[in-house]
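Okay, thanks for coming, everyone. I'd like to walk you through a few contacts, so let me put the structure up.

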Amino acid sequence: MFRSPSPNASFFALVVLVSVAFIWLLLPWYGSVLWAVILALLFRPLQVWLERRFGGRRSLAAFVSVLACICIVVIPGVLILAALAREASALTTSISSREFDPAALLDQVRAALPAGARRVLSSLNLGDFGDMQSGITSFLENVSQTIATRAFTITQGTAQLFVGFGVMLYLLFFLFRDGPALAATIRRASPLSDHHTGKLIEEFEAVMRATVKGNIIIAVIQGTIGGLAFAALGIRAALLWGVLMALLSLVPAVGASLVWLPVSLYLLISGEVLRGVALMLVGMLVISLIDNFLRPPLVGKSTRLPDYLVLLSTVGGLTLVGVNGFVIGPLIAALFVAVWSLYMQDRSSDGGLTPPPSSGP
């Protein structure tokens, strides 16, 4: 599996030490590097097309590709974050001033429940919603305040954010221009065999494209439809709920239903039957089915991990490294599966387990 190591062990140790030090140096900007690589892979077809149109002038094509990334991804993202900051801030103000009172909503839901359901809740010591009310109110207030603060910080910018943004665009230009040459250098420098190096690079590119192209596009579509449905039904903070649905769509099995299902049930219980039924139909027949229709052509069966592995790796990634974890988690899981698959293939090609030595004379 590995190439023969260098006979000079000291030099090999120096290579490892310097490589680790370089990675440590880049850690503060790993997010910029990660998204530069993601955008370079996603917009690579555009770069190839522009190179043909510009007669092989790779630098000009790379510059135009970077401008396309700014117009298609960066500017719309900043505008959405600005609107999200305003909406989350307004929701925080409404909760603080009791204009929007989750506790009152829970009281209304409890009053609308049948007597039998209230007795069941009382037998489970859930009849008194006081603690639940205060907890939900505090949770919504903290969440909306955190979203407003983060979004405001990103849109207003800090020195570190501006530098990180500049690092991403600068690196993106060179990844567009010199990406194939860089990939060839990595292949030559890898201590693994050519076969294993090629398989792992191929798996890395496939998972990166599948994770971003498939999951993010599906999440954006689901969040957009959910937000428009909320707005059409007159539900306040529609953009905030739409963004939340888009984020939750990245998590398999549950996804956006964690938002639209409780809201539709509340509408039904509170007597808004038409709005509740309409939202539930949109959730079940449109939002939930989008994943089934779009994931196969966008992601492809060959790059799909089992749903349970995607769920565990996504949640683990989000817990460890934040929002970038929805890419890093599945990527690590896919590389884990790829490495062990290659290992089992090598053992199979070698004839399996080495037979035990003979005990006879």
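Let's start with Arg-177, which is partly exposed at 25% relative accessibility. Keep in mind that this is a predicted model. So what does the Arg-177 side chain meet? It meets the side chain of Asp-178 in a salt bridge, 3.1 Å from N to O.

Now, Asp-178 also has a salt bridge with Arg-58, and there the closest N and O atoms are 3.2 Å apart. Asp-178 sits in helix H8, residues 159-189, while Arg-58 belongs to helix H4, residues 58-96, so this pair ties together parts that are 120 residues apart in sequence. As for accessibility, Asp-178 is partly exposed at 24%, and Arg-58 is partly exposed at 39%.

How many salt bridges are there in the whole structure? The search finds three. Going back to the shared partners, Arg-58, Arg-177 and Asp-178 are joined into one network.

Okay, on to some helix packing. H10, residues 238-248, packs with H11, residues 257-269, at an angle of about 130 degrees, and their axes are 8 Å apart. That angle makes H10 oblique to H11. Which residues meet there? From H10 you've got Trp-241, Leu-244, Met-245 and Leu-248, and from H11 there's Leu-258, Val-259 and Trp-260. In that contact, seven residues are nonpolar, with no polar and no charged ones.

That's my tour, thanks!

Terms used
Residues are numbered from 1 along each chain as its sequence is written. This is a predicted model: local features need pLDDT of at least 70, side-chain atom pairs count only at pLDDT 80 or more; totals for chains, interfaces and linings use all residues. Side-chain values use heavy atoms; hydrogens and water are left out. Axes are lines fitted to C-alpha atoms, for helices over the stretch in contact, and angles run from 0 to 180 degrees between N-to-C directions. Helices (H or I, at least four residues) and strands (E, at least two) are DSSP runs, numbered from the N terminus. Angles under 35 degrees count as roughly parallel, over 145 as roughly antiparallel, 65 to 115 as roughly perpendicular and the rest as oblique. Contact means heavy atoms within 4.5 Å. Ala, Val, Leu, Ile, Met, Phe, Trp, Tyr, Cys and Pro count as nonpolar, Asp, Glu, Lys and Arg as charged, and the others, Gly among them, as polar. A salt bridge is a side-chain nitrogen of Lys or Arg within 4 Å of a carboxyl oxygen of Asp or Glu. Buried means under 20% relative accessible area, exposed over 50%, partly exposed in between (1.4 Å probe, protein chains only).
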